[in-house]
Each structure stands twice: as structure tokens, then as C-alpha cells.
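Please prepare a briefing on the structure shown below.

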Amino acid sequence: MINSLFKLLLEATEIDDIQCRYVAFKLSENSVKTIISIERIETLKYTLKTNNGSYLVEATDLLLPISRVEKC
């Protein structure tokens with residue numbers, strides 16, 4: 001499940017692979033099985049609609065990636 005979330009995030013966003021893996025992990029911890037839609041708010045900031053509610057995802061463009069995932 002984490003791999004399918006990871007692949008979708010990697011293909012549909014400009015977030016790097018390390019941060020996509022972290023976001024997929026955090027989503028799976030919250031029992032997300034499916035991402036229904038991804039809406040880009042601004043660079044590296046997205047709203048995800050999932051089978052388990054909406055999530056705000058913010059990534060960074062730093063050498064050491066820091067991501068934030070919160071349920072909306």
C-alpha cells in the first residue's frame with residue numbers, strides 16, 4: 001500500500017522521492033488506502049483528498065528534506 005501511495009505522489013507532484021516516501025508512510029499510518037485527488041495550492045504545497053479525509057502536504061526544497069502532513 002505504501003508503495004502505491006508513494007508512486008502516485010512521485011508521479012503527480014514535484015516532491016522529491018525521499019519526501020514522497022515519508023508522506024506515503026504518514027498517510028498509511030492514518031489508514032489511507034487511496035488518494036482520490038491531488039490539488040496543488042502552490043509550489044510544494046498540496047491538498048490530498050483520500051478515502052480517509054483531506055490532508056495538507058507541505059514539502060521543502062532544502063538539502064535535508066522536511067515535510068509536514070496534517071489531517072485537515
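**Salt bridges, buried residues and a surface patch**

Glu 58 and Arg 68 are joined by a salt bridge, with 2.3 Å between their closest N and O atoms; the term denotes a side-chain nitrogen of Lys or Arg within 4 Å of a carboxyl oxygen of Asp or Glu. The model is a predicted one, in which local features need pLDDT of at least 70 and side-chain atom pairs count only at pLDDT 80 or more, while totals for chains, interfaces and linings use all residues. Residues are numbered from 1 along each chain as its sequence is written, and side-chain values use heavy atoms, with hydrogens and water left out.

- Strands (E, at least two residues) and helices (H or I, at least four) are DSSP runs, numbered from the N terminus.
- Glu 58 is partly exposed at 24% relative accessibility, and Arg 68 is partly exposed with a relative accessible area of 41%. On this scale, buried means under 20% relative accessible area, exposed means over 50%, and partly exposed lies in between (1.4 Å probe, protein chains only).
- Arg 68 also forms a salt bridge with Glu 70, where the closest N and O atoms are 3.4 Å apart. Glu 70 is partly exposed, at 35% relative accessibility.
- Shared partners link Glu 58, Arg 68 and Glu 70 into one network of salt bridges.

**The pair within helix H2**

- The count of salt bridges by this rule is four. One of them joins the side chains of Glu 29 and Lys 26, at 3.2 Å from N to O.
- Both Glu 29 and Lys 26 belong to helix H2 (residues 17–29), where they are three residues apart, about one turn of the helix.
- Glu 29 has a relative accessible area of 46% and is partly exposed; Lys 26 is likewise partly exposed, with a value of 23%.

**Thr 13 between the helices**

- Thr 13 is located in the loop between helix H1 (2–12) and H2. Thr 13 is buried, with a relative accessible area of 11%.
- A polar atom of the Thr 13 side chain lies 2.5 Å from the backbone oxygen of Leu 9. The backbone nitrogen of Ile 15 lies 3.3 Å from a polar atom of the Thr 13 side chain.
- Leaving aside residues up to four places away in sequence, Thr 13 touches Cys 20, Ile 38 and Tyr 46. Contact here means heavy atoms within 4.5 Å.

**Val 23 in helix H2**

- Val 23 is part of helix H2 and is buried, with a relative accessible area of 2%.
- With residues up to four places away in sequence not counted, Val 23 touches Leu 9, Val 57, Ser 67 and Val 69.
- Although Val 23 and Arg 68 are 45 residues apart in sequence, their C-alpha atoms are 7.9 Å apart in space.

**Nonpolar surface patch**

- Ile 2, Tyr 22 and Phe 25 form a nonpolar patch on the surface, with about 250 Å² of accessible area together. Such patches consist of residues with over 30% relative accessible area and no salt bridge, nonpolar side chains (Val, Leu, Ile, Met, Phe, Trp, Tyr) being joined within 5 Å and like charges within 9 Å. Accessible areas come from the Shrake-Rupley method with a 1.4 Å probe, and for residues only the protein chains shown count as cover.
- Tyr 22 sits in helix H2 and is partly exposed, at 36% relative accessibility.

Conventions: Polar contact = N/O pair within 3.5 Å; in protein donor to acceptor, adjacent residues only side chain to side chain.
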